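Colleague: I would like to go through the terms used for this model. Please set each value against its rule.

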There are 2 protein chains.
Amino acid sequence: MCELLGMSANVPTDIRFSFTALAKRGGATGPHADGWGISFYEQKGCRNFHDPNPSATSELAALVRNYPIKSKTVIAHVRKANRGRVALENTHPFTRELWGRAWTFAHNGQLKGVKALPLSFFRPIGTTDSEHAFCWILDQLVRKYMDYPPARVLDKEVKRLFGELRKMGVFNALLTDGRSLYASCSKKLTYIQRRAPFGRATLIDAEMQVDFAQETTPDDKVIIIATQPLTHDEVWTVVAPGASLIFRAGEVV
Amino acid sequence: MCELLGMSANVPTDIRFSFTALAKRGGATGPHADGWGISFYEQKGCRNFHDPNPSATSELAALVRNYPIKSKTVIAHVRKANRGRVALENTHPFTRELWGRAWTFAHNGQLKGVKALPLSFFRPIGTTDSEHAFCWILDQLVRKYMDYPPARVLDKEVKRLFGELRKMGVFNALLTDGRSLYASCSKKLTYIQRRAPFGRATLIDAEMQVDFAQETTPDDKVIIIATQPLTHDEVWTVVAPGASLIFRAGEVV
């Protein structure tokens, strides 16, 4: 098992509060000590931090927790290795360029036989099932569409591909091109939308409380999606097993 | 003008000494204040730090200067923007996956008409001439070879593509797949090989001296390539304008 964290917001939003909880689960309050990674979008650019060391004790994770990077789209992951040795190239999120955008992907679960899926253009650098699945998704997309299809067409196709992968095992996953955040739930995924009127929230994994009313404007909308709820005083929506969800600019599409 | 830094070594080597000098040139001892980036290989994995802020004052650059990441292959770049606005997506080095390896590229110079070169598979995320040139190189390679060609074949083809780009303007560039470090010199590039017997070296841009004899074993070989010499008490080899060089495991191929 690994843990996933994703964010979709309509304004650049600080992820540190949520990342602090996730990072704790990487070796302190959780067993996911085989590396961690986080990808932030900054307009079309994408910033990636990866570390095969436990996030709870990682120097790089400490930097990320203290670095005020604001982003509209974030994917993060803490890893408990099952397939693929503990190494930088096996550390999620994975990133590739497609149609002139950076695509990012993180996965939790195991996919039986996924490596038998043929790949032509996108190839894994590491040895995880997850990266193979990511490459397969992008390969399928580029075979079908030479350029960006309309959002509705792309949304439908990504959901279809997610459905194919869920047939192969456990596919809790987050995928983004920096605009849309696609989520697949096989077993366990939960999300929350924060919007006005904003209140307080308290982390489960760390002694940390935020009053979002102090940090936001009335028009801000932020979706946080995670394997398990990160706060104990907010209402999280449990995603139904077998569902795919799409978020854009802090809204469920 | 921008400044380039590359390293090829036969053992994982600490780049901090050289990076300290380069980072200083990003806004302190040099005018390259429009961002910086560095890519380290760790086996097949590649770690990237990018920042559109001046490296001389960047918090992230301070982390990299203090973080003991050892690598056999490194590319770094400090930027003085001429084409493409100051933004994360325009910050070198650029990275793409080809044939299951991470390829990294950084460039200094301007290429007239490079954006007219057609691209099919690899597309720029940002708006620089440099990223377009990088995508063109990879596009040409993947059209010609579906899988990794033998090193000698690949070396020859990369040199040919570098030659084509040098005809379009100034193309001082570094390209790597983590194994081979390819360098193109239009105008200005210099390198040094450090090997036993190791001595002391003193940076030009910062008050810093290293006694490599304390840091190395007798078998270590390290090539450092840069726009300008980084130390004032070692002999740097000036690369001839119009030349392409290839380094592997700390040796000139």
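Modeller: The rule finds four salt bridges across the interface of chain A and chain B. This is a predicted model, where local features need pLDDT of at least 70, side-chain atom pairs count only at pLDDT 80 or more, and totals for chains, interfaces and linings use all residues. Side-chain values use heavy atoms, with hydrogens and water left out.

Colleague: What makes B:D147 and A:R123 a salt bridge?

Modeller: A salt bridge is a side-chain nitrogen of Lys or Arg within 4 Å of a carboxyl oxygen of Asp or Glu. Between B:D147 and A:R123 the N to O distance is 2.7 Å, so the pair qualifies.

Colleague: What is the area buried between chain A and chain B?

Modeller: About 2,900 Å², with 56% from carbon and sulfur atoms; buried area is the accessible area (1.4 Å probe) that two parts lose on being put together, summed over both. In chain A, the residues that lose the most area to chain B are A:F121, A:R123 and A:I125, together 22% of what that side buries. The contact (heavy atoms within 4.5 Å) takes 33 residues from chain A and 33 residues from chain B.

Colleague: Why is α3(A) called oblique to α4(A)?

Modeller: Helix α3 (residues 129-144) and helix α4 (residues 151-166) of chain A pack at about 140°, with their axes 11 Å apart. Angles under 35 degrees count as roughly parallel, over 145 as roughly antiparallel, 65 to 115 as roughly perpendicular and the rest as oblique. The angle of about 140° falls in the rest, so α3(A) is oblique to α4(A).

Methods:
Residues numbered from 1 in each chain as written. Chains lettered and ligands numbered in written order. Axes fitted to C-alpha atoms, helices over the stretch in contact; angles between N-to-C directions. Helix = DSSP H or I, 4+ residues; strand = E, 2+ residues; numbered from the N terminus.
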